[in-house]
Amino acid sequence: MGCCGSTERTKREWKPLEDRSCTDLPWFLLFTVFCVGMGSICGFTIATGGAGRLVFGYDSYGNTCGQRNEQIEGVRLSGLDQTDKKYVFFLDPCNIDIVQRKIKSMALCVSLCPDEELKTYQDLKRFAMHNGSELCSYELAGHKYPSLPERFEKCPKLPVPPSKSLPVFNRCTPVDISCYAKFAEAVVTFVSDNSVLHRLIGGVMASKEIIVGLCLLALVLSMILMLIIRYISAVLVWILTAMVVLGSLAGTSILWWLYIDHRLTTKDAKEEAEMTRDSAQALLVYAIAATVFTVILLLLMLFMRKRVALTIALFHVAGKVFIHLPLLTLQPFCTFLALLLFWMYWGLVLLFLGTTGNPVQNEETGLTEFRLTGPLQYMTWYHAVGLIWISEFILACQQMTVAGAVVTYYYTRDKTRLPVTPILSSVLRLMRYHLGTVAKGSFIITLVKIPRLMLMYVHNQLKGKENAFARCMLKTCICCLWCLEKCLNYLNQNAYAATAINSTSFCTSARDAFVILVENALRVAAINAVGDFVLFLGKILIVTSTAFAGVLLLNYQRDYAEWVLPLIIVCLFAFLVAHCFLSIFEIVVDVLFLCFAIDTKYNDGTPGKEFYMDKALMEFVENSRKLERVVERGRSRPTEAVSVEGPEMKPMVSDSGEGGDTEVGWGLDGGGGEWEELQEFHVYYLLVGVLVDWALGEQCTMVSLILCLTEDLVLFFCVYLPTSTLVLFAMLLQKPSPVVRPQPQPKAQTPSPSRSLSSHAS
């Protein structure tokens, strides 16, 4: 890995795509050492014969088939020369231990697998005499099979089914797989009839061409959706908004109608008065809860309506990113291929570990097995940690690659001068400078994921044995760790974007990204809520379209049991493909938002501090400015005469050329807007709280209303108001302090700010 040394900056500033340096180099070295350890485990299994035992197979006495063996102390019939016996034959291949997932049968090395059914011990003798392949234990002579008393324990279970050897792993496998029906039924629990299972498998095999075609259709639809979603995002957002509003209002209205109807129908009934009262009280509680939910939802949508426009603008720009960077659509393929190759390697080494170690005799069966003992048994745990860390590392590399390409696009003013291959440039920057940052971020996710997986394993093992309190605590811990993992994943993704912008270490980038996100908390909430739901609707659209096409193509197979499994497979694959592609789109939107927030924080559109943003985002900024000017103009009329002589406080992105010499770096929605919205929300929150307490009280009288108002006022002023104010004040402390800049000297031709903004829009 190449690395450029650089001096530490005394005061770090955001300098996109400038001053690159290596980040988190110790973590890169640590990850390299860890990967060397993973490779050493593979080398150890090969050197100690574990890989050979897996590939060539070994018998129940510890002899590896197809080669000369050494004597194992304390194990009889070990150390045999099995050069001519290359195949592993199980005396009872259908005796499967479902829990341990292995065959509970004696294994022998034979020179030939039986290709015909052997029904009697005389047939076993004839097969041994003609083919030289003895199918009973080594100490039994082939010509004596029918007369030996040990034949019932040390010879194959009759009848012996015909079998063939596997291509690579030399095991004699029965041609008829019906003996594995129990195992199949244990895996597919909803199948109770073997004929149904055979029909399902037959339906999949008969429809394999259609399944492949539908999978390709899902792939094409996902790629098309990534390109056209910027045109339909606005429609989807407003349809979603209308559905949520109408649904909440309809649900609340129905509950109130049921409550009123229940009161009217039971008004004259004297019997069952207690039951009637309970039912009416329950309906009242449900109706009030639905009303509160609807009111809060409407208030939130009222407050977030301006930020929905930003989500639509980001979706529009994200669609442009995929047009300028078409290779982004290949990222899911590359990531899936890398994960698939690693998982195959990991699974193969895990199988090697299963046949590595010292020979140990099983106390139940008396057969010889190879197990890791002593400190060597921790290699399996090391290998398991490697699965999580390296998988997260590969996913983090994808996030860093996408972030680097999007950052290159955003901070290139002239899009015609983009690099020829921004994706390849991003990959090269990642490999040269930022592998340590990716390793550190993925290790943090690993530290959270390992305890969660361990708790899930404990919960599954103790299912039905633990008490209610322990079960509740386990589920709570698992849920908390899952939430922490999701939060860290989101923070890591933004940290990678900050590293791609400014080439800083992981901790510095995570802190800077966290500050930006906190300053734009409402925008983040709107983008995550609205954007994620729009992407979810996109996934559902792809799945339903693929399923509809599958129903049309599979319609000629009239039997439901024949085409339901192919359709389920296609739908699962379609959802997986849509999730992979739209997750890339989601990463692009998140990186664009971080770049936009940084752009509006450190630039204001004046000469020398022009915006980098796209035209769609520029229009959003212009509209927000106009709205802010209207609001400020209405509020500043009483003090207009006083403010003419003094400096005017303006947001960072406001028009600095219109009469002010003081510029405040509050960002586009900072300062006053947040305070005003918080104060407005406080009033609504207090009123709703008083009404809910009064309605749920035992007596809905004026006295109880006054008592509820008094209690809620005390709680509001003593608990809620100080807490929420301190939280917002802490958020505002992260924002830069006002910077007084001298008013520029008038020139002959000074471009207007709006013209300056428009000239730099792409």
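## Disulfide of Cys65 and Cys109

The S-S torsion of Cys65 and Cys109 is about -80°, so this disulfide (a pair of cysteine sulfur atoms within 2.5 Å) is left-handed. It joins distant parts of the chain, 44 residues apart: Cys65 lies in the loop between helix 2 (50-56) and strand 1 (87-90), and Cys109 in strand 4 (residues 107-110). Helices (H or I, at least four residues) and strands (E, at least two) are DSSP runs, numbered from the N terminus. The two sulfur atoms are 1.9 Å apart.

The model is predicted: local features need pLDDT of at least 70, side-chain atom pairs count only at pLDDT 80 or more, and totals for chains, interfaces and linings use all residues. Residues are numbered from 1 along each chain as its sequence is written, and side-chain values use heavy atoms, with hydrogens and water left out.

## Other cysteines

The count is 3 disulfides. In the pair Cys113 and Cys172 the torsion is about -75°, so the bond is left-handed. Cys136 and Cys155, with sulfur atoms 2.0 Å apart, form a right-handed link at 115°.

The sulfur of Cys472 is too far for a bond, 9.4 Å from the closest cysteine sulfur, in Cys477. Cys472 is partly exposed at 47% relative accessible area; buried means under 20%, exposed over 50% and partly exposed in between (1.4 Å probe, protein chains only).

## Helix 13

Helix 13 (residues 506-519) spans 20 Å from first to last C-alpha, close to the expected 20 Å, which is 1.5 Å times one less than its number of residues. Of its 14 residues, 10 are buried, including Phe506, Ile516 and Glu519.
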